[in-house]
Amino acid sequence: MNSLFQDEFGMIWVGTKDGLLRYDGNNYVTFRHKADDTTSLYNNNVKQVTGDHNGHLFIISNSSLSCYDIRKEQFHVLAYKGIKDITCSKGNVFAATVNEILSVSDDSLLTYYKLPSDNMGSIICIMEDDQSRLLIGTDANLYSLDNNKKITTLLNNVHIQGLYV
């Protein structure tokens, strides 16, 4: 098991190396890639699953990002490679690449913020805190990005592996 998420309907979603599982309290359904179906899971190695609590799941498999529409029961790919992490909070959905924060809007990815210099490190993980700031963990530092896109260094010379509430 790589990732665990409970959606707004009470379903438990489990990301595994062999697909995405949905558990309703009684039964499991497994979603896997099907070569002839563009609405299937893009890749079976699911690293992370999260959701917006508005009928959508976001799945990182290898470094791709897919969206799953719970009501339509369909996947579609938002990015085929380069995604490091994703966070969903307070109606916002943000994904991270090595040096950018992307916002998910209307099934597309838009650049929200780009790290201004290479010496800030490569982004490893992101998380939105209770004050709607994005915490950005890199292989060099920990940063906070406010709503005005002002970045502040919180910790120097640390390799951040993950951020958790």
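This is a predicted model: local features need pLDDT of at least 70, side-chain atom pairs count only at pLDDT 80 or more; totals for chains, interfaces and linings use all residues.
Colleague: Why is Asn157 called exposed?
Modeller: Its relative accessibility is 74%, and exposed means over 50%, so Asn157 counts as exposed.

Colleague: What makes the phi of Asn157 worth a remark?
Modeller: Phi is near 55° there, a positive value in a residue other than glycine. Most residues other than glycine have a negative phi.

Colleague: Which class does Asn62 fall into, and how do you know?
Modeller: Asn62 has 40% relative accessibility. Exposed needs over 50% and buried needs under 20%, so Asn62 is partly exposed. Asn62 also has a positive phi, about 55°, although it is not a glycine. You'll find Asn62 in the loop between strand 6 (56-61) and strand 7.

Colleague: Now the whole fold. How many helices and strands are there?
Modeller: Zero helices and 16 strands.

Colleague: And why call the protein as compact as a globular protein of its length?
Modeller: The globule rule gives 15 Å for 165 residues, and the radius of gyration comes out at 16 Å, close to that, so the description holds. The C-alpha trace spans about 45 × 30 × 30 Å along its principal axes, and buried residues make up 45% of the 165.

Colleague: Which residues does Tyr68 contact, leaving aside its neighbours within four places in sequence?
Modeller: Trp13, Arg22, Phe31, Gly55, His56, Leu57, Ile59, Glu73, Gln74 and Phe75. One of them, Arg22, is 46 residues from Tyr68 in sequence, and their C-alpha atoms are 12 Å apart in space. Ring pairs also link Tyr68 with Trp13, Phe31 and Phe75 into a cluster.

Colleague: How many aromatic pairs does a search of the whole structure find?
Modeller: Eight aromatic pairs. Take Tyr42 and Tyr80: their ring centres are 5.2 Å apart and their planes are at 75°.

Colleague: What makes those two a pair, and why is the pair called edge-to-face?
Modeller: Two steps. Centres have to lie within 6.5 Å to count as a pair, and Tyr42 and Tyr80 have 5.2 Å. Planes over 60 degrees apart count as edge-to-face, and the angle here is 75°, which makes this pair edge-to-face.

Colleague: Why say that this pair ties together separate parts of the chain?
Modeller: Tyr42 lies in the loop between strand 4 (28-31) and strand 5 (46-51), whereas Tyr80 lies in the loop between strand 8 (74-79) and strand 9 (85-89), so the parts joined are 38 residues apart in sequence.

Colleague: Are Tyr42 and Tyr80 buried, partly exposed or exposed?
Modeller: Tyr42 has a relative accessible area of 33%, so Tyr42 is partly exposed. Tyr80 has 55%, so Tyr80 is exposed.

Conventions
Residues are numbered from 1 along each chain as its sequence is written. Side-chain values use heavy atoms; hydrogens and water are left out. Helices (H or I, at least four residues) and strands (E, at least two) are DSSP runs, numbered from the N terminus. The radius of gyration is taken over C-alpha atoms; the globule rule is 2.2 Å times the number of residues to the power 0.38. Buried means under 20% relative accessible area, exposed over 50%, partly exposed in between (1.4 Å probe, protein chains only). Contact means heavy atoms within 4.5 Å. Rings of Phe, Tyr and Trp (its six-membered ring) pair if their centres lie within 6.5 Å; planes under 30 degrees apart count as stacked, over 60 as edge-to-face and the rest as tilted.
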